Amino acid sequence: MTQNGYRPDNGKQKNGGKKLDGFKVFLIAWAALVLVAAFAISSDAGLYILLAGAAVCVIRWALRKDKQIAAKRKAKQGRAESKPVTAERAAPQAPQTRVKVEYVGPKPVETIQRMNVRVAGVTYANGRRQRQTILREIYWHDKAYAGKVVLTLKVGEYEGKQTVEVWANEEMIGYIPAAQKDYFLEHWHQLAGLSSLDVSGGGETKGGEPIPFGASFVAAFDLSK
């Protein structure tokens, strides 16, 4: 029972309405020991006590930090476990219909088709002028072929059948092969260009046989036309 507002402290020390915990008591005692040792014993003794107390403070701080981290992890885990799990329901599908809708988009950008062509009939002559001589001059950039060589295709006729002639500058060097001729005639209006003329051959085999010259190029067709 209390009188006149007085409450017994039950033997506990007061400090601003709050009791001193054990660590504060340790700090006060540690500081007192450091001062006593430094002045009453020696400065070295005071230094040793100072270092020992500092080590205790560091260890205590590390232990408290570990406890705080463990408490945060436990609280986070508890929140994750208590979080309600919700299942999403799929939206109902619309009934299927018999109406078919087609998307008509723009034409593809890449509409160029390229075809490798190996010129046929290169061993024949144009009257007195041999096509092998023409190809040799193209190969060595000689005479009329020392500069630029322009390829041209012309529709011709041989033995009553249509042909596609291959011309280099002002001279014919051969024909489009029979296997590709029909494609060239059907897509003549889509022919976009000729490039990469390559003349190869010449010389002799190990047996002394002459190696004829050959010619190839790349034809491009614009399929968007």
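This is a predicted model: local features need pLDDT of at least 70, side-chain atom pairs count only at pLDDT 80 or more; totals for chains, interfaces and linings use all residues.
Residues are numbered from 1 along each chain as its sequence is written, and side-chain values use heavy atoms, with hydrogens and water left out. Local features need pLDDT of at least 70 and side-chain atom pairs count only at pLDDT 80 or more, whereas totals for chains, interfaces and linings use all residues.

The pLDDT, which is the predictor's confidence in each residue from 0 to 100, averages 78 over the chain, and 69% of the residues score at least 70. Over residues 1–18 the pLDDT is below 50, and this stretch has seven contacts in the model beyond near neighbours in sequence, a contact being heavy atoms within 4.5 Å.

Helices (H or I, at least four residues) and strands (E, at least two) are DSSP runs, numbered from the N terminus. An open sheet is formed by three strands in the order β1-β8-β7, with antiparallel pairing; two strands pair if DSSP finds at least two bridges between them. The edge strands, β1 (112–118) and β7, each pair on one side only. Seven bridges join β7 to β8, and V199 has A215 in β8 as its bridge partner.

Helix α3 packs on this sheet, touching β7 and β8, and its direction makes about 90° with that of β7, where axes are lines fitted to C-alpha atoms, for helices over the stretch in contact, and angles run from 0 to 180 degrees between N-to-C directions. Within α3 (residues 131–139), R131, Q132, I134, L135, E137 and I138 are buried, that is, under 20% relative accessible area with a 1.4 Å probe and protein chains only.

Key. Buried means under 20% relative accessible area, exposed over 50%, partly exposed in between (1.4 Å probe, protein chains only).
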